[in-house]
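User: I'm new to reading protein structures. Could you walk me through a few features and show me how to read them?

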Amino acid sequence: MLSSFTWQALPTRVVFGRGTSAALPAEVDRLGGRRVLVHSTPEQAALAERVTQLLGERAAGVFTGATMHTPVDVTARALDVVKANRIDAVVAVGGGSTTGLGKAIALRTDLPQIVLPTTYAGSEMTPILGETQDGRKVTRRDAKIQPEVVIYDVDLTLSLPPAMSALSAFNAIAHAAEALYAPDRNPIVSLMAEEGVRAVVEALPQLQAAPDDADMRASLLYGAWLCACCLATTTMGLHHKLCHTLGGMFDLPHAQTHAIVLPYALAYNAPNIADALASLERAMGADDAVQVLLRLESGCGIPLALRDIGMPHAGIAQAVEQAIANPYANPRPVEADALTDLLERAWSGAGV
Ligand code: NAD
């Protein structure tokens, strides 16, 4: 019998397709924006400039200082630009780091946000913000953080290098995988999770050979959007908590950490997530989700071990201690010995 559930739809308006950046001026007008700030990372300053030109006289400022982990001092500098230019709407163009800055501005000002994502990280669909101050990352949820409009323009993802694209795509799969066994999962989220993983996994093998293939990129972006909806509406478990712990403790790169840990976290939970694994296997068209993930990852030319992205071996005990100290919902109890084994394997890339 179907269990009882609660479903809360997301309020974000989504525009999806190729060349959809052209819809930006009309979307700004819908929100009543007259003085818009466009922001990006320094690496994507030229793209921010192009977006600014699209806005014409609606553009009132550019800030190209967005950086990983949303440091509060960067937000303070961006807020000075918001104030000095009497900004009434913000447009983020970039990956999760850029989206994070727009969310941090919106949290403090309640200005409307439009996001043009250029990776598959999925932050644009969530009311979640992680900010860093004095080396500590604090995550919160707030309705003000949720972007009003997301414009998915497939063309903006074509420049994301294949390895970074793959890492980001595994980050997306992780959202869907954990949503399938979340305590607050529901049939709608499970549909989105399964379809999201299907679309991403179908596209991934073509990424290395033809990174410019727009159909493949559309499939990745569509899948990533669905996976992001899963992240936004359910409670994540061991995988996300562990990545958060490792990222914070050892300053590990976000997408790389997710890609490496995911197969190991799923294998850890495997005895208690038969339905979720069956769903992932349907989505992948295969009969062992964990092994398929490991195989896909090794075909993408990305790091496969935590030691290769800067985690010290001596950090395993420390990470286990911290991961056990803060209890959270997970289908299998999080125990020190089993978690140590998981991290030893993920650290050396031993496989499962
Ligand atoms: P990122 O935004 O840090 O981007 C990585 C690099 O790639 C940057 O230099 C960026 O400028 C560049 N880049 C992005 N798109 C590009 C493109 N199309 N072409 C060329 N270069 C491009 O990486 P990310 O993985 O998207 O985001 C990671 C951050 O997002 C982390 O801080 C993470 O915590 C956060 N995040 C938050 C949520 C949430 O819901 N709050 C969800 C996922 C990720």
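Predicted model: local features only at pLDDT ≥ 70, side-chain atom pairs only at ≥ 80, totals over all residues.

User: Which residues of α10 and α11 make the contact?

Analyst: On the α10 side you'll find Leu277, Leu280, Glu281 and Met284, while α11 brings Ala289, Val292 and Leu293. Sort the residues of that contact by class and you get six nonpolar, no polar and one charged.

User: Let's pick Glu281. What is Glu281 in contact with, leaving aside its neighbours within four places in sequence?

Analyst: Glu281, which lies in helix α10, is in contact with Ala286, Asp287, Asp288 and Ala289. For another kind of reading, take Ala209: from Glu281 it is 72 residues away in sequence and 25 Å away in space, C-alpha to C-alpha.

User: Now the ligand. Which residues come nearest to the ligand?

Analyst: There are 22 residues around the ligand, and Thr41, Ser97, Thr118, Thr119 and Thr126 come nearest. By class, that shell has seven nonpolar, twelve polar and three charged residues. Helix α4 (residues 96–109) gives the largest share of the shell, three residues.

User: Which atoms of the ligand pair up with Gln44, Thr118 and Ile128?

Analyst: An oxygen of the ligand sits 2.9 Å from an N or O atom in the side chain of Gln44. A ligand nitrogen is 2.6 Å from an N or O atom in the Thr118 side chain. With Ile128, a polar backbone atom lies 2.8 Å from a nitrogen of the ligand.

User: And how much of the ligand's accessible area does the protein cover?

Analyst: On its own the ligand has 860 Å² of accessible area, and the protein covers 84% of it.

Definitions and conventions. Residues numbered from 1 in each chain as written. Heavy atoms only, no water. Contact = heavy atoms within 4.5 Å. Helix = DSSP H or I, 4+ residues; strand = E, 2+ residues; numbered from the N terminus. Nonpolar A, V, L, I, M, F, W, Y, C, P; charged D, E, K, R; others polar. Near = heavy atom within 4 Å. Polar contact = N/O pair within 3.5 Å; in protein donor to acceptor, adjacent residues only side chain to side chain. Areas by Shrake-Rupley, 256 points an atom, 1.4 Å probe, with all protein chains shown as cover.
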